[in-house]
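Subject: Structure handover

Hello,

Please find the structure below. My notes on it follow.

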Amino acid sequence: IDLARCTPDYEDAIYRDQWGAEQPAQPAAAAQVPPWQQPPPAPPSRARVPAAFPLAGQVYAQALRPLPRRVGRWFLAWAIAIGFFALGQMIALALLMPSIIEIFADPVAAASSPEELMGSVMGSPMAFLGINLSWAAMIPGAVVALAAYGDRAMGFAFSVAGRWRWGVVGRAALVVAPIFALYVGTTFLIDPTFEWRFQPDWLLVAIVVLTTPLQSSGEEFAFRGIVTQQLGSWMRNPWVSSLVTGGAIGLVFGLAHIGYPPLAILQVSLVGFTCAMLTFRTGGLEAACVVHTANNVFIMLPLALMGMSPFATSSGEEGPFWIQLVGFLACVAALALSYLAVHLMSKRWQRRTEGAPGAELLLLPKPQPMAFAPMGPAGVPAMAGHAGPIVPGYGAPGYGMPQQAPFAGAPVAGQQAQGAW
């Protein structure tokens, strides 16, 4: 025996000659999980989904769609808007308080001529300022109310572009202001009861110039803005949500001036409906605010230059009917011309929303019809062309597997598989 060969190195050399070099141990391959046993993918996080705003292709009145999954935010927006409206009324009451205190200083005179006393209270510059500021509070009210729908939702209180478009304001004012100046000036000239005198109340003039645009815009943000969007976003048809809702709200706005003559109430309603049409056409409140501001300023400014408050004057019942009719027809013509002019220049203005990523996740899925498989002998669903029950692995698409043809040893109804005991 050759003891020199009985060494570990010699034995390793013989092993390498016969079997080759020893391969390093390979790590065990990770077990492959069949597709039907893999957990389903995690759904996308919905923590920020309610703030996805708006859907693409929506008109201004439908900018809040879809609402079925935003009902809580819908109620919150109403609460915020009503809170700002109440705040505005408190501002008006605070500015009216000095005039109200004067009523209690002479209760006998107040009881003898209540209409004259009410005219003196409402005709004060502070009362006029309070009423204007009470409606101006609805501008931030509408903006903050839409903040209930998400971080970037506030801008859609202005327009479908998500911002206030000063270019639209300037272009609309260039054509609307001359039309309403001509309309109001004509009605003043043909009215025999109107006697012009230059006795300006400069405080009242400043209030008209500085706060009447805010008052007019506040009414637009309230009626054509938050109210129309809150109601119109439940509707699928953009025409119904914009014009039908706008017409109904305009009628309610006209009826709010219940002390006016019938033609004056109808005139106010037409102003509201025209503003709704302009909002639908232009995709925002800018042109509607211009029309409303032009109407109010050109009526109130001449009165302030005569030293008269608009709320101290009568509603026009003393004028003859033909004067009221001519004024009504002139207003209709001014509204029609203003809408036509803005309509022609607004062809390139954005009229619908562009959409935000993730907003479509709030759409409710369409209901799908349910398909029921025929039942087997034991009440187990049976596969078409197979008399026995559906058994995963024997032709049944179990756990996400595609449907397979049954093999020869598959069990059938009333039998056991071979080898079963």
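A surface patch here is made of residues with over 30% relative accessible area and no salt bridge, where like charges are joined within 9 Å and nonpolar side chains (Val, Leu, Ile, Met, Phe, Trp, Tyr) within 5 Å. Accessible areas come from the Shrake-Rupley method with a 1.4 Å probe, and for residues only the protein chains shown count as cover. V71, F75 and W234 make a nonpolar patch of about 290 Å². F75 belongs to helix 2, residues 71-105 (helices are DSSP runs of H or I with at least four residues, numbered from the N terminus).

The model is predicted, so local features need pLDDT of at least 70 and side-chain atom pairs pLDDT 80 or more, while totals for chains, interfaces and linings use all residues. Residues are numbered from 1 along each chain as its sequence is written, and side-chain values use heavy atoms, with hydrogens and water left out.

Cavity

There is 1 cavity of 30 Å³ or more (on a 1 Å grid over the protein atoms alone, a set of points where a 1.4 Å probe fits but cannot get out; lining residues have an atom within 4 Å of a point). The volume of the largest cavity is about 60 Å³, taken as the space filled by probe spheres set on the points, which are joined across faces, edges and corners. Its lining includes Y60, R224, S242 and F280. Helix 8 (202-232), helix 9 (238-255) and helix 10 (262-282) each give two or more residues to this lining, and helix 10 gives the most, with 3.

Peptide bond

R65 and P66 are joined by a cis peptide bond with omega of about -5 degrees. P66 is in the loop between helix 1 (8-19) and helix 2.

Contacts

The count of salt bridges is 2 (a side-chain nitrogen of Lys or Arg within 4 Å of a carboxyl oxygen of Asp or Glu). One joins E286 and R165, whose closest N and O atoms are 3.0 Å apart. E286 lies in helix 11 (residues 286-305) and R165 in the loop between helix 6 and helix 7, so this pair ties together parts 121 residues apart in sequence.

Regards

Key:
On a 1 Å grid over the protein atoms alone, a cavity is a set of points where a 1.4 Å probe fits but cannot get out, and a pocket is an open set with protein on both sides within 12 Å along at least five of seven lines; lining residues have an atom within 4 Å of a point.
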